[in-house]
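Below is a briefing on one protein chain, written to be read beside the sequence and the 3D view. Keep both open and find each residue as it is named.

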Amino acid sequence: TRISELQRFGLGRVRALDHWNRPEPLRRLVAPAIDLVARMLLDLRIVHSERLPRTGGVLIVANHVSFLDPPALYVVGHRLGRRVRFVALSDLLNVPGLGWLLRRGRTITVTRGAGASGLVEQGSAAIEAGQAVLIYPEGTIPAPGLVTTGRPGAGLLALRAGAPVVPVASSGLERWRQKVRLRRPVAVVIGEPVDLSQWAGREDRRAAVEVSAALLEAV
């Protein structure tokens, strides 16, 4: 019946809110440890930190330059008082050690070939619970000089989120830089929220593709 459906929806919503907001004792150890390592290895500069909302749900869209940028952006979130929830491929959950950390960090997972419904459902629930969710619209690390398009899932999540969508660009962590050096200069620039008003009320594929392109352009 309609009443039972609404009751199940309400119970599911309460469980989702509880999942995203329950205490994370491990984070008290992990976040400062990652930050300490970052201070030794990187000269990390955050530009326009005031543009990232300190409370409430927010979707962060970023460029993916290497496997080092997720921990760097995790540190940025930590320094600005936000717990960043990353969107990542479910394959990474099978990597020893890393998978354990991703689960404890309540990573939002995407399964190859499974479509965007799971991503949008998980991401929307997290944002509704007041979380900062970070997604890479490209969905991969592009090769040097290769221009990629945004994945529709990122655009659909942005349309569904009902929250500020903030672009973030990082520079200095590119994977093709072969020279290893301590205190490598890294800049993370936070942009103004992306205006998605022209797609208001739409969630069709064309709108999702157009919004993904707009997100990458903002980044």
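This is a predicted model. In it, strand β6, which spans residues 165–171, pairs with strand β7, residues 184–190. The two strands run in the antiparallel sense and share four bridges. The protein as a whole has seven helices and seven strands, and 42% of its 219 residues count as buried.

**Overall layout**

- Seven strands make up an open sheet with mixed pairing.
- Across this sheet, the strand order is β1-β7-β6-β2-β5-β3-β4.
- The edges are formed by β1 (42–47) and β4 (108–110), each of which pairs on one side only.
- On average, neighbouring strands of the sheet are turned by 25° against each other, with direction ignored.

**Strand β6 and its neighbours**

- Which residues of β7 face those of β6? Serine 171 stands opposite alanine 187, and the bridge partner of alanine 169 is valine 189.
- On the β2 side, the pairing with β6 is parallel and also rests on four bridges.
- Valine 165 in β6 stands opposite leucine 59.
- Six of the seven residues of β6 are buried, so the strand is largely enclosed by the rest of the structure.

**Helix α5**

- Helix α5 covers residues 117–128, which makes 12 residues.
- From its first C-alpha to its last, α5 reaches 16 Å, close to the 16 Å expected at 1.5 Å a residue.
- Which residues of α5 are buried? They are Leu119, Val120, Gly123, Ser124, Ala125, Ala126 and Ile127.
- An α-helix has 3.6 residues a turn, so residues three or four places apart point the same way.
- After α5 comes glycine 130, whose phi is positive, near 90°.

- Most residues other than glycine have a negative phi.
- Histidine 48 is not a glycine, yet its phi is positive, at about 60°.
- Histidine 48 is placed in the loop between β1 and β2.
- With a relative accessible area of 33%, histidine 48 is partly exposed.
- Arginine 106 also has a positive phi, near 55°, and is a residue other than glycine.
- The loop between α4 and β4 holds arginine 106.
- Is arginine 106 buried or exposed? Arginine 106 counts as buried, because its relative accessibility is 7% and the cut-off for buried is under 20%.

**Leucine 68**

- Leucine 68 belongs to the loop between β2 (58–62) and α3 (69–79).
- Leucine 68 is partly exposed, at 46% relative accessible area.
- How far apart are leucine 68 and glutamate 174 in space? The C-alpha atoms of leucine 68 and glutamate 174 are 8.3 Å apart, although 106 residues separate the two in sequence.

**The cavity**

- Rolling a probe the size of a water molecule over the atoms shows where empty space is left.
- The count of cavities of 30 Å³ or more is one.
- The largest cavity holds about 70 Å³ of space.
- The residues that line the largest cavity are Leu52, Ile60, Leu73, Val76, Gly77, Val84, Leu134, Val168, Val188 and Ile190.
- By type, the lining of the largest cavity has nine nonpolar residues, one polar and no charged.
- α3 and β7 each supply at least two residues of this lining.
- The largest share, three residues, comes from α3.

**The largest pocket**

- About 1400 Å³ of space lies in the largest pocket.
- The largest pocket is lined by 44 residues, and the closest to its centre are Phe86, Val87, Ala88, Leu89 and Leu92.
- Which elements give two or more residues to the lining of the largest pocket? They are α2 (27–41), α3, β3 (84–89), α4 (98–104) and α6 (152–161).
- β3 provides the largest share of the pocket lining, six residues.
- The pocket lining divides into 24 nonpolar, 10 polar and 10 charged residues.

How values were computed: Residues are numbered from 1 along each chain as its sequence is written. This is a predicted model: local features need pLDDT of at least 70, side-chain atom pairs count only at pLDDT 80 or more; totals for chains, interfaces and linings use all residues. Side-chain values use heavy atoms; hydrogens and water are left out. Two strands pair if DSSP finds at least two bridges between them. Axes are lines fitted to C-alpha atoms, for helices over the stretch in contact, and angles run from 0 to 180 degrees between N-to-C directions. Buried means under 20% relative accessible area, exposed over 50%, partly exposed in between (1.4 Å probe, protein chains only). On a 1 Å grid over the protein atoms alone, a cavity is a set of points where a 1.4 Å probe fits but cannot get out, and a pocket is an open set with protein on both sides within 12 Å along at least five of seven lines; lining residues have an atom within 4 Å of a point. Grid points are joined across faces, edges and corners, and a volume is the space filled by probe spheres set on the points. Ala, Val, Leu, Ile, Met, Phe, Trp, Tyr, Cys and Pro count as nonpolar, Asp, Glu, Lys and Arg as charged, and the others, Gly among them, as polar. The expected span of a helix is 1.5 Å times one less than its number of residues.
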